[in-house]
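Me: I have a model open and want to learn how to read it. Where do we begin?

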Amino acid sequence: MPGPFRMYADLAEWWPLLSPAAEYEEEAADLLPDLLAAPDAPPKTLLELGAGGGSLAWHLKRHFTLTLSDLSPEMVAVSRTVNPECEHLVGDMRTIDVGRTFDLVLIHDAIMYCTTPADVQAALANAARHCRPGGGVMVIPDSVAETLEPDTHTGGHDAADGRGLRYIEWSWDPDPADDTFETVYAFVLRHADGTIDATHEVHRNGIFPRASWLRWLDEAGLDATGRIDEWGRDVFVGRKRA
Ligand SMILES: C[S@@+](CC[C@H](N)C(=O)[O-])C[C@H]1O[C@@H](n2cnc3c(N)ncnc32)[C@H](O)[C@@H]1O
């Protein structure tokens, strides 16, 4: 597991200017029909592993009672301010033990920090362990091996107190034969007093074939299906076997 990353540590307080809840509205609307679909009782409880700053969760909390967990205490602190009504826990998605099961378990844009098959399998096994029989586990890697392409995004926002952030996110795969690719983040930070800092860091992410994801979900005790969303990402949903 790579890291720790400044983005989720001393820079975490900038998360609402980097990736605010407003940017997750369409994505949440796309995921909700799958989350709400259930073969038995309507789902009420949802555990998110790697919930980060709680930006996606902000859109889900009207529909479910959320428990939000993340490896980074700093990111959990950000999510607490965004989602004060939700339960928050610090923990690794591969090992956290919440002590109860949920109707739904979600791993969204955090699963790519699992860079080996063993890491992914541990995270999926732990997600399945926290899912009640008949409940659902939704996993959304940013890319699978079949869809990974070099990519560049820019973005960022301003705050009312004068702070501002702009970033470049630049992904490529230096070695298509291995299980990882790289994303460079370059940040320009404007502080409230107008001073500017610039910094960057490289994140290593896991990349695996679609068939591996489906096999690992099955091995975790989940009947899995996948679909491709309107942004070209694979959305895997596993139904926990009794
Ligand atoms: C891109 S952010 C998630 C953002 C989140 N979807 C949101 O709406 O704000 C990725 C998160 O994954 C977390 N993470 C990385 N490895 C983890 C692990 N092993 N267990 C739990 N969280 C992890 C990081 O701390 C970071 O907060």
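Reply: Begin with one residue pair. This is a predicted model. Glycine 155 has tyrosine 167 in β7 as its bridge partner.

Me: In what sense do β6 and strand β7 pair, and over how many bridges?

Reply: The general idea comes first. Strands of a sheet pair through backbone hydrogen bonds, and the pairing is either parallel or antiparallel. Here β6 and β7 (residues 164–172) pair in the antiparallel sense. The pairing runs over 5 bridges.

Me: What is the order of the 4 strands in that open sheet?

Reply: Read it as β6-β7-β8-β9, with antiparallel pairing. The edge strands are β6 (151–155) and β9 (196–206), and each pairs on one side only. On average, neighbouring strands of this sheet are turned by 10° against each other, direction ignored.

Me: And the open sheet of 7 strands: what is its order?

Reply: The order is β3-β2-β1-β4-β5-β11-β10, and the pairing is mixed. β3 (87–90) and β10 (222–228) stand at its edges. Each has a single partner strand, so one side of each is left without a neighbour in the sheet. Neighbouring strands here are turned by 20° against each other on average, again ignoring direction.

Me: How many bridges join β10 to strand β11?

Reply: There are 7, and β10 and β11 (residues 234–240) run antiparallel. For a pair to look up, take arginine 227: its bridge partner in β11 is valine 235.

Me: Which strands does helix α4 lie across?

Reply: Helix α4 (residues 73–82) lies across β2 (65–70) and β3. Relative to β3, helix α4 runs at about 170°.

Me: Now the domains. How is the chain divided?

Reply: Domain 1 covers 6–144 + 208–240, and domain 2 covers 151–206. Their centres, taken over C-alpha atoms, are separated by 22 Å.

Me: How many residues of each domain are in contact with the other?

Reply: A general point first. The size of an interface is often given as the accessible area lost when the parts come together. Here we count residues instead: 15 of domain 1 are in contact with 16 of domain 2. On the side of domain 1 that touches domain 2, α1 (15–18) and α5 (117–129) are the elements that give two or more residues. That side divides into 11 nonpolar, 2 polar and 2 charged residues.

Me: Last, the ligand. Which residues around it come nearest?

Reply: Of the 23 residues around the ligand, Gly50, Gly52, Ser55, Leu71 and Ala110 come nearest. The shell divides into 11 nonpolar, 8 polar and 4 charged residues.

Note on methods. Residues numbered from 1 in each chain as written. Predicted model: local features only at pLDDT ≥ 70, side-chain atom pairs only at ≥ 80, totals over all residues. Near = placed C-beta within 6 Å. Nonpolar A, V, L, I, M, F, W, Y, C, P; charged D, E, K, R; others polar. Domains from an automatic or database assignment. Contact = placed C-beta atoms within 7 Å. Pairing = 2+ DSSP bridges. Axes fitted to C-alpha atoms, helices over the stretch in contact; angles between N-to-C directions.
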